[in-house]
Amino acid sequence: LSIRAAVEPRLKVLLDQVAVMDRHEALTRAVNALRIVLSSLCGFIDLNRCDPGHGAGHVVADYVNALRLFSRLDIDPKETFIGFLGGVLHDFGCAIIKRYNESSRMVRHAEAAGLLIDEALQNTDLNEAERLLTVYAIMAHTHYLKPQTVGDKVIQPYLDLLPDGAAFYPVWCTRWVDRLDCNGPRFPARHYLTLAEEHEDFNGNSFEIHKFNEAMMPMTKEQAGHPTMLSHMQLFANSQNNHSPYGKWDAGRMVELRDAHVGHLHRIIQAVMAGKAAGQPDENTVLRLWLNFLSHTIEPSDKGMAAADALEFQFRALPANLRAGWIAGFWMTMEEYKLWAHNLLFDLLGLDYHWLQLPLPGIGTSIDVREVIRIHHSWASP
């Protein structure tokens, strides 16, 4: 509440106090601050504690998506600076509290991330306005369209518009980075990993229980009567446009990347519905490659491996007709990932080498983010 009280009456005033002059300075300062924040977190949090959809693989994806977006996004450098930091750091609350307990908490993963990052930012060169805006953007990244009730308390949506009705882009840019890993060829794999445990997730209107056997029905929610993995994918694909309340302020480079991600996701959905995909090998081969894809690329951690193993056991117990559609979907997800990774790594070629080295809490003092994104030999071909 103190962060909201300090920021919401002064959105434009605080933004004017962000001390960057151009895009390169914004990115340089943001990357330097990010490295300090992550190094300071290494002593007391571990990304391996996050659920397998929000661990190290997700953090790296957010980081490279932010580099890819902001290095070619034509907006105010002040907004770039805050949006970059907020976009990369928005999910670190998942290392403290469970991501899918949102409906029963006043302090959710976004607020926990903001409080955690607020402390870590004390070690950087950010001024007070920059720190407050970064923390606020992190807290506001979960895009609830209406008030949320927890017990007898009501959480109002965070402000994302200026008093004149214009977009407050530090918040929208943070959400843009979040959306780029909630769509595209990584998303089906990330969502699949979350199914290792029954959990609750938000559908845009309310919270719903996701169970593995129900989620794997190859049909929409309307057809099945409960949320399915396919309906979750379609929900995200259908909301990636400027007619949606989530995408209404998308512009420039964000539209380019968003639309490319939608194309990847639609082709995966089509493969599931058709029950076949070009070049698809037999079921056992696809499952072996899929297991490696999940645990070596999407979530390269012990927790990712454990979730992938548990899911394979559950998947093999499904009826053959259910498995067939998803075998095609798994294969197409890996094929689409190859295209995405190739294009992303090409876009990173012209960036400062030091921007590609990142310390990750619980993972290592510094890693080359390209090594996490690259197409891994363990699943690249049968």
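**Notebook: salt bridges, a helix face, a hairpin**

I looked up aspartate 160 and arginine 175 to begin with; both are buried, buried being under 20% relative accessible area, exposed over 50% and partly exposed in between, with a 1.4 Å probe and protein chains only. They form a salt bridge, the closest N and O atoms being 2.7 Å apart. I count a salt bridge when a side-chain nitrogen of Lys or Arg is within 4 Å of a carboxyl oxygen of Asp or Glu. The pair links distant parts of the chain, 15 residues apart: aspartate 160 sits in the loop between strand S2 (153–155) and helix H8 (169–180), and arginine 175 in helix H8. Helices (H or I, at least four residues) and strands (E, at least two) are DSSP runs, numbered from the N terminus.

Notes on the source. This is a predicted model, where local features need pLDDT of at least 70 and side-chain atom pairs count only at pLDDT 80 or more, while totals for chains, interfaces and linings use all residues. Residues are numbered from 1 along each chain as its sequence is written, and side-chain values use heavy atoms, with hydrogens and water left out.

Arginine 131 meets aspartate 118 in one, at 2.5 Å, N to O. Arginine 131 is in helix H7 (residues 128–139) and aspartate 118 in helix H6 (residues 109–120), 13 residues apart. Arginine 131 counts as buried at 17% relative accessibility. Aspartate 118 is buried as well, at 15%.

Next I checked glutamate 283 and arginine 323, whose side chains meet at 2.9 Å, N to O. Glutamate 283 lies in helix H14 and arginine 323 in helix H16, so this pair ties together parts 40 residues apart in sequence. Glutamate 283 is partly exposed at 24%, whereas arginine 323 is buried at 16%.

I also noted a network of salt bridges linking Arg68, Arg72, Arg253, Glu256 and Asp347.

**Helix H15**

Helix H15 (residues 302–316) has 15 residues. Its first and last C-alpha atoms are 21 Å apart, close to the 21 Å expected; that span is 1.5 Å times one less than the number of residues. Which residues of H15 are buried? I found Gly304, Ala307, Ala308, Leu311, Glu312 and Phe315. The face turned away carries the exposed residues Asp302 and Phe313. The cover over the buried residues includes helices H9 (187–194), H10 (212–215), H14 (283–298) and H16 (320–347).

In H9 I picked out histidine 191. It is buried at 4% relative accessibility. Leaving aside neighbours within four places in sequence, histidine 191 is in contact with His210, Met229 and His232, contact meaning heavy atoms within 4.5 Å.

**Hairpin and a buried glycine**

Strand S5 (residues 357–360) points Gln357 and Pro359 one way and Leu358 and Leu360 the other, and all are buried. S5 pairs with strand S6 (residues 364–368) in the antiparallel sense over 3 bridges; pairing needs at least two DSSP bridges. Glutamine 357 stands opposite aspartate 368. The hairpin has 3 residues between its strands, and glycine 362 takes a positive phi near 85°.

Last, I looked up glycine 247, in the loop between helix H12 (229–238) and helix H13 (253–274). Glycine 247 is buried, at 0%.
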